[in-house]
Amino acid sequence: MNIALLTNEYPPNIYGGAGVHVEYLTRELANLEGRKHSIEVLCFGEQKEEREHFHVQGVEPKFHFPTVADVRHKKVFDPLLRNLVMAGSLAKADVVHCHTWYSHFGGCLVKQLLDAVLVLTTHSLEPHRPWKEEQLGRGYEMSSWIERTAYQNADGVIAVSQSMKEEVEKLYGVQPDKVKIIHNGIDLKQYQPRYDRSVLERYGVNPDVPYVLFVGRITRQKGILHLVNAIAHLKEGVQVVLCAGAPDTPEIGVEMKQLVDEARRLTRNSIVWISEMLPRQEIIAFYSQAAVFVCPSVYEPFGIINLEAMACETPVVASKVGGIPEVVVDGETGFLVPIQARSLADPEPIDKEKFSHDLADAMNRILNDSTLAKSMAIKGRERVEKYFSWSAIARQTLEFYEELLKKKGSVLK
């Protein structure tokens, strides 16, 4: 079959779980044994790759960008322009598979222009990310409208967790028989323990002192501000390593700096803030040597980041939200910290101070019990190996494509 995948993120331009998903899914689809399918990846950027049955083309509009009255709206119009180019450049497609709202408009066009089956993967849903209004202004209403329209026109939806399946059915009225749960995965050969003291030393981390690790963007979704507030409650004699960059807005970047400065004033523990994007092998080294990995997200459809840490044999402390409980087994591979959210539309905790205290308590439990930490590390790796390989996920995805084409009445040659 002819498979077109539309995405904002694709290597080397990856900043979140959706990009990781597309990178490994496309690789595995291209390498599945048996009949080779034609795979066309259209993404944002200047990427270009040509192999038999596999093509990648970045999209950078070369025409003049239209004037916008509110500069924040440019972040919505830019994807729409790229989507037009994507849809116009495809000559054939049996399946068009879109990832995040950034590519949904293009998918809707391809469905109509080429009579393709439209598949969407729910990496996140706009109505549960109200902080996006800080970035987009009223453009946030537009991104939500684009997403809603795409889900109402989709032939099939892949939910990365049971939580996301329930949300997409409730928010957009998608029929349950159109939604299939296919979890995210992990490259087990790439993500495995790698011990390298020199990597830590290069960034000012003492290899002989245990450290708590965060990896992610500076965004309200990832809950990093709550983690920074938790630092004051950590036991003494540990380090905190924040691999955190790409703030959503200048304002949250300033807020992050102020909170880190305050945390440094309140604790004797060292705080190392690494704001640049690190190479994957260095991130793996940081995962592998951490005493605890923490994922304090207030909204997380799945949480690939937790799989990465578990694959590197690191215990995890994570929020009990979204798809995370389908990854982290509470008390076995780490600890889950409940959040009493304000509402579905505003997932921030009602009591922020309590949430920060609870995060610190969970981290301290692991830091204070080396036997427990070792057991969680081993069980985390075992769980990842058993349930989350990308090859299995690619096969399930391909089977879903075939199922949808069969329903549509298409004949695969």
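User: How many helices and strands does the secondary structure of the protein chain come to?

Analyst: Helices (H or I, at least four residues) and strands (E, at least two) are DSSP runs, numbered from the N terminus. The protein chain has 14 helices and 14 strands. This is a predicted model, in which local features need pLDDT of at least 70 and side-chain atom pairs count only at pLDDT 80 or more, while totals for chains, interfaces and linings use all residues. Residues are numbered from 1 along each chain as its sequence is written, and side-chain values use heavy atoms, with hydrogens and water left out.

User: What radius of gyration does the protein chain have, and what would a compact globule have?

Analyst: The radius is taken over C-alpha atoms, and the globule rule is 2.2 Å times the number of residues to the power 0.38. For 413 residues the rule puts a compact globule near 22 Å, and the 21 Å of the protein chain agrees with this. Along the principal axes, the C-alpha trace spans about 65 × 50 × 40 Å.

User: What percentage of the residues of the protein chain count as buried?

Analyst: Buried means under 20% relative accessible area, exposed over 50%, and partly exposed in between (1.4 Å probe, protein chains only). By this criterion 56% of the 413 residues count as buried.

User: Which elements do the buried residues of helix H6 pack against?

Analyst: Helix H6 covers residues 162–172, and its buried residues include Met-164, Val-168 and Tyr-172. The buried residues of H6 pack against strands S6 (117–122), S7 (156–159) and S8 (179–181), and against helix H5 (139–153). Gly-173 follows H6 and has a positive phi, near 65°.

User: Where is Thr-100 placed, and is Thr-100 buried or exposed?

Analyst: Thr-100 lies in the loop between strand S5 (95–99) and helix H3 (104–114). Thr-100 counts as buried because its relative accessibility is 16%. Although not a glycine, Thr-100 has a positive phi of about 70°. Ala-246, not a glycine either, has a positive phi of about 50°. The loop that holds Ala-246 runs between strand S10 (239–245) and helix H9 (250–266). With 47% relative accessibility, Ala-246 counts as partly exposed.

User: Which residues does a cis peptide bond join?

Analyst: The bond joins Pro-11 and Pro-12, with omega about 5°. Pro-12 sits in the loop between strand S1 (2–7) and helix H1 (17–31).

User: What is the volume of the largest cavity, and which residues line the largest cavity?

Analyst: Rolling a probe the size of a water molecule over the atoms shows where empty space is left. On a 1 Å grid over the protein atoms alone, a cavity is a set of points where a 1.4 Å probe fits but cannot get out; a pocket is an open set with protein on both sides within 12 Å along at least five of seven lines; lining residues have an atom within 4 Å of a point. The structure holds one cavity of 30 Å³ or more. The largest cavity has a volume of about 40 Å³, and its lining consists of Trp-131, Glu-134, Thr-219, Arg-220, Asp-248, Thr-249 and Ile-252.

User: What volume does the second largest pocket have?

Analyst: The second largest pocket has a volume of about 310 Å³. Of its 17 lining residues, Glu-167, Tyr-299, Gly-322, Leu-344 and Pro-347 are the closest to its centre.

Terms used: Points joined across faces, edges and corners; volume = space filled by probe spheres on them. Contact = heavy atoms within 4.5 Å.
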